[in-house]
Amino acid sequence: MSHEMSCKELVDLVTDYIDESISDEERAKFEQHLTECGYCNAYVKQMHLTVTLTKKLAESDEQKPVPDELLNIFREWKQEQKPH
Amino acid sequence: MDGEKRAAAITTLPDDELIARLRAGDETTFAQLVEHYNASMVRIAAIYVNEFAVAEEVVQDTWIAVLKGLDRFEGRSSFKTWIFTILSNRAKTRATRESRYVPLELSDEPDDSDGAMPRFNPANHPYAGSWADGWVPHMWESVPETQLLGQETRSIIFSTIEALSPNQQQVIRLRDVDGFSAEEVCNMLQLSESNQRVLLHRARERVRQALDSYFAQE
């Protein structure tokens, strides 16, 4: 008899679930648990949102101007590329 | 066109085209690449070498290696993954030289008992395996979007990430900040799939908990 998934087991599997690297059998149990457990439902939503917010808020990160040294590196490299 | 739009457009170019432009000496393309990846690269390098100035040097060396190695790029990974792999190797080498590098060892990781993972009721409890009191996740539905996307949320996320173990930091930054796939991160850091997952799981869990206590306060 396959036992039902506990909240603890669900939490252990959440990263696989989000990455879609979970087996079909585990996914079925995972989703079954979600239909019955408000706490885990909130948890999975939190995890999704945590990932989304990390990404989104990092994107608003500083867009610094390109340092001159790097442009100089590129120009030197380009110079070296030219056939002599 | 503003800088952000230009830099975003660079990521939609196929790798072949990008490399062809670089080989042709197109400085604008190079500048866009730098604009798009440099800040992330410095943050990744800083995890290994600790000092910001050294991290910037490592990144600069990486760009030189990328340009000089263009002809050797075989397209077995994406160009972005290739750049970040060079970066990660160089940062490790530099940190090793300065005796700072601690290789990725999962055994060095704090275990679950350090409060990184949520708590559940013990086996003898009537609701064994269910959320323990005080660990129940809150609903975030009522949190206004201005708060969700606010400056404070941002600083909580990034200060939590900075406090993580170096291994967890690398994985969460590469996966969730820089958008690499699990497979790419495993290759880059020479991690097994399961170690990558454990590190990511613990890192995300810390961030989630920090956000949950912040959002629950309001």
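## A helix pair within chain B

In this predicted model, α3(B) passes α5(B) in a right-handed crossing. The two helices, of which α5(B) covers residues 79-97, pack at an angle of about 30°, with their axes 9 Å apart. Since angles under 35 degrees count as roughly parallel, α3(B) and α5(B) are therefore roughly parallel to each other.

On the α3(B) side the contact is made by Tyr37(B), Met41(B), Ile44(B), Ala45(B), Tyr48(B) and Val49(B), while α5(B) contributes Ile83(B), Phe84(B), Leu87(B), Ser88(B), Ala91(B), Lys92(B), Arg94(B) and Ala95(B). By class, the residues of this contact divide into eleven nonpolar, one polar and two charged. An α-helix has 3.6 residues a turn, so residues three or four places apart point the same way.

## Overall make-up of chain B

Chain B has ten helices and zero strands, which gives the pattern α-α-α-α-α-α-α-α-α-α when read along the sequence. Of its 218 residues, 33% count as buried. Among the contacts in chain B with a separation of 6 or more, 63% come from residues 24 or more positions apart.

## The enclosed helix α8 of chain B

Helix α8(B), residues 166-177, has eleven of its twelve residues buried, so it is largely enclosed by the rest of the structure. The buried positions are Asn167(B), Gln168(B), Gln169(B), Gln170(B), Val171(B), Ile172(B), Arg173(B), Leu174(B), Arg175(B), Asp176(B) and Val177(B).

These buried residues pack against elements of both chains, namely α3 (38-59) of chain A and, in chain B, α3 (27-49), α7 (151-162), α9 (182-189) and α10 (193-217). After α8(B) comes Gly179(B), whose phi is positive, near 75°.

## The interface between the chains

Across the interface, 36 residues of chain A are in contact with 41 residues of chain B. On the side of chain A that touches chain B, α1 (7-18), α3 and α4 (68-81) each supply at least two residues, and α3(A) gives the most, with 15 residues. The residues of this side of chain A divide into 17 nonpolar, seven polar and twelve charged.

One of the contacts between the chains joins α3(A) to α10(B), which pack at an angle of about 95°, with their axes 10 Å apart; α3(A) and α10(B) are therefore roughly perpendicular to each other. Gln46(A), Met47(A), Thr50(A), Val51(A) and Thr54(A) of α3(A) meet Arg204(B), Val207(B), Arg208(B), Leu211(B) and Asp212(B) of α10(B) in this contact, which by class has four nonpolar, three polar and three charged residues.

## Loop residues with positive phi

Most residues other than glycine have a negative phi. Glu20(A), although not a glycine, has a positive phi of about 55°, and its place is in the loop between α1 and α2 of chain A. With 7 C-beta neighbours inside 10 Å, Glu20(A) counts as exposed.

In chain B, Gln190(B) has a positive phi of about 50°, although it is not a glycine, and lies in the loop between α9 and α10. Gln190(B) is exposed, with 12 other C-beta atoms within 10 Å.

## Confidence in chain A

The mean pLDDT of chain A is 89, and 90% of its residues reach 70 or more. In chain A, confidence is lowest in α4(A), at a mean of 92, and highest in helix α2 (residues 24-36), at 96. Where pLDDT is low, the predicted coordinates should not be read in detail.

Conventions: Residues are numbered from 1 along each chain as its sequence is written. Chains are lettered from A and ligands numbered from 1 in the order in which they are written. This is a predicted model: local features need pLDDT of at least 70, side-chain atom pairs count only at pLDDT 80 or more; totals for chains, interfaces and linings use all residues. Helices (H or I, at least four residues) and strands (E, at least two) are DSSP runs, numbered from the N terminus. A residue is buried if 20 or more other C-beta atoms lie within 10 Å of its own, exposed if 12 or fewer, and partly exposed in between; C-beta atoms are placed from the backbone. Two residues are in contact if their C-beta atoms, placed from the backbone, lie within 7 Å. Ala, Val, Leu, Ile, Met, Phe, Trp, Tyr, Cys and Pro count as nonpolar, Asp, Glu, Lys and Arg as charged, and the others, Gly among them, as polar. Axes are lines fitted to C-alpha atoms, for helices over the stretch in contact, and angles run from 0 to 180 degrees between N-to-C directions. Angles under 35 degrees count as roughly parallel, over 145 as roughly antiparallel, 65 to 115 as roughly perpendicular and the rest as oblique. A crossing is left-handed if the near helix is turned anticlockwise from the far one by less than a right angle, and right-handed if clockwise. pLDDT is the predictor's confidence in each residue, from 0 to 100.
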